[in-house]
Amino acid sequence: MSVNATEAKLLQVDTELIDRNPDNPRINFRQAELDELQESIRLYGVQVPISVYKQDGRYVLIDGERRWRCCLKLNKKKIPALVQEKPTPLTNLILMFNIHSLREQWDLLTIALKLPKVIKFLTEDLGRTPNEREISEKTGLARGVIRRCKLLIDLPDEYKESIKDELTKPRSQQILTEDFFIEMERALTTVSRAMPEVVPDRNAARDVLIKKYKTNVIGNLVQLRQIPKIARAESVEANKAVAKSALKKLFQENHYTIEQAYEDSVSEAYSERDIVSRAHSLTERLARLSPGDIDDELRETLGELREQIQRLSEA
Amino acid sequence: MEFKSLAPHLHSTAEAAATFFKQKYGWTGFKAEQEITEDIQLRPTLQTTTRDHETICIEVSESPYSGTLDEAVIACKNESLPVKLIVVIPKTGVPQTGDFQKLLGRAKRNSVGIVEVDNSGNGTILSEALSLSLSGVRKVNPKEFPPKYRQALAEAESTFHSNPAKGCAVLYDEIENLSRKVAAKTQAMNLWSTKATYNFEKDNWAVIMKDMVRTFPTSKSPAPALTAVMIAGILAVSAHRNEVGHKPKSRAQLVKRNRELRTRFESAIDQFRDLVNAAKPLKV
């Protein structure tokens with residue numbers, strides 16, 4: 001499954017004889033980035049050759065689609081290219097994953113949309129479904145990235161389209177980012193598992209969260225991480241019915257925020273769990289100390305702590 | 001249409017642009033990403049040729065101007081190519097920032113048109129495109145002329161960009177009017193060596209000028225800058241008065257005609273300025 005790069009030849013290839021690689025996972029070329037590269041090529045030429053393989057008297061791109069597009073735009077007749085031998089379909093795809101994911105940051109959706117094809121080819125190659133580690137080894141993608149991709153793959157098409165639209169914008173102008181959808185999906189998956197009756201229609205819940213995010217009712221992505229905490233109310237012995245009610249209200253069109261839902265349902269329980277956890281940790285540490293180990297400042301602080309503990313114990 | 005270099009999210013804008021220009025100007029037969037000439041470093045998104053042999057280049061982009069366009073504009077001007085370059089940007093409905101306004105100004109200064117188009121093919125023209133073969137013409141400096149001529153000059157200049165022959169004609173009219181007045185005044189002042197009986201407002205202009213070259217100026221003239229050579233130059237202008245209406249039959253003829261008209265326009269401006277200055281002592 002390897003390509004012998006040492007046998008590649010560096011040639012000046014006619015730009016008109018080159019075709020884009022249909023397996024290039026990259027679907028989005030931001031205009032501003034293309035313009036920048038175009039200007040560089042106009043002024044300094046193509047400094048790094050593209051990679052192609054020959055097929056039926058023409059050339060198919062392996063690497064360098066943006067450089068090639070810019071050359072076409074600039075009416076350049078030739079482009080320096082490393083002409084390699086034709087790879088197998090799996091090698092072709094994996095080559096591009098490796099070339100791009102190691103060298104430049106692709107949009108996650110770009111990777112996500114091609115991942116099923118990689119899995120299909122790998123399944124054929126291995127005779128079984130590849131596991132996450134194998135996919136990671138072949139593609140050069142971290143396992144966390146593969147998991148994030150899977151969340152995007154499972155989105156209904158309409159949401160994938162809206163991410164695609166968003167990705168055409170400069171990063172600074174993107175609102176409904178891939179990260180937003182990933183955080184939202186994680187939250188909804190947890191809610192669906194813990195309290196399925198709260199999300200009878202996942203798309204409706206998505207639409208509400210999207211609207212709330214767009215209108216700043218949800219102020220930032222981190223707030224979405226509080227939703228699974230509400231759904232796991234039972235794990236902190238909070239009232240499940242109250243948590244359900246808060247989530248139901250959250251998934252309706254209103255100005256009810258995640259922070260309010262959290263406050264109304266599980267805030268105290270998590271706070272209590274936090275105190276218990278810290279108290280355990282503190283008790284363990286104090287048990288390891290002898291009276292000679294502590295100075296006046298610590299003695300004074302421990303005195304204040306004893307007073308608070310007594311106050312609460314006597315209540 | 002198949003686009004190779006245009007970013008995919010702009011394909012619909014390109015299609016909508018073709019619809020807009022067909023409806024607005026009747027331009028059809030657009031081809032995608034073709035070269036203008038072998039040497040110009042730009043393949044515009046869309047390109048077509050009008051019945052008047054003018055090349056229309058539509059560049060679809062999110063930005064109204066870029067360095068790549070600069071080079072293409074200069075090349076078209078230098079080669080006197082009859083090209084109109086229009087940048088089409090997608091209509092976003094979002095107010096444009098200061099940078100956008102700066103780029104818009106740059107496009108205007110370079111005679112590049114800017115049109116905003118939505119996906120239904122509805123467009124708003126933000127800036128009109130001028131033929132690049134003509135836009136390289138030297139700009140008229142109004143301060144070199146007395147106020148009474150400035151409006152006519154501005155009209156001639158703006159007409160020149162849309163219809164160069166007519167622009168020249170407007171300028172020739174001004175030269176003719178002033179030279180007729182100069183002829184009448186100098187004749188009345190007995191500065192010609194012979195007595196002429198012309199109707200200076202109506203008789204053949206070329207005939208009057210020929211006669212004036214032959215019999216004027218005399219050493220008594222209060223306008224010494226008004227020389228026979230200058231009047232002969234004005235006489236030369238009259239030779240082009242009847243050529244301006246002919247339509248070029250091919251692109252090559254259009255290139256040739258535009259080159260000639262550009263030169264004539266610039267030289268007529270110089271002649272007019274010299275005539276105005278030379279005739280000042282006559283107070284016509």
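How many salt bridges are there between chain B and chain A? In this predicted model, the count between the two chains is four. One of the salt bridges joins Arg43(B) to Glu16(A), and the closest N and O atoms of that pair lie 2.6 Å apart.

On the side of chain B, 22 residues are in contact with 22 residues of chain A. Putting the chains together buries an area of about 1,900 Å², and carbon and sulfur atoms give 42% of that area. Polar contacts can be counted across the interface as well: there are 14 residue pairs in polar contact, both residues having pLDDT 80 or more. Within chain B, helix H2, which covers residues 67-78, gives the most to the side that touches chain A, with three residues. Sorted by type, the residues on this side of chain B are seven nonpolar, eight polar and seven charged.

The cysteines are the next topic. A disulfide is a covalent bond between the sulfur atoms of two cysteines. A search of the whole structure, over all chains, finds zero disulfides. Cys57(B) is in no disulfide, and the nearest cysteine sulfur belongs to Cys76(B), 6.6 Å away.

Terms used:
Residues are numbered from 1 along each chain as its sequence is written. Chains are lettered from A and ligands numbered from 1 in the order in which they are written. This is a predicted model: local features need pLDDT of at least 70, side-chain atom pairs count only at pLDDT 80 or more; totals for chains, interfaces and linings use all residues. Side-chain values use heavy atoms; hydrogens and water are left out. Contact means heavy atoms within 4.5 Å. Buried area is the accessible area (1.4 Å probe) that two parts lose on being put together, summed over both. A salt bridge is a side-chain nitrogen of Lys or Arg within 4 Å of a carboxyl oxygen of Asp or Glu. A polar contact is a pair of N or O atoms within 3.5 Å; within protein, one must be able to donate a hydrogen and the other to accept it, and residues adjacent in sequence count only if both atoms are side-chain atoms. Helices (H or I, at least four residues) and strands (E, at least two) are DSSP runs, numbered from the N terminus. Ala, Val, Leu, Ile, Met, Phe, Trp, Tyr, Cys and Pro count as nonpolar, Asp, Glu, Lys and Arg as charged, and the others, Gly among them, as polar. A disulfide is a pair of cysteine sulfur atoms within 2.5 Å.
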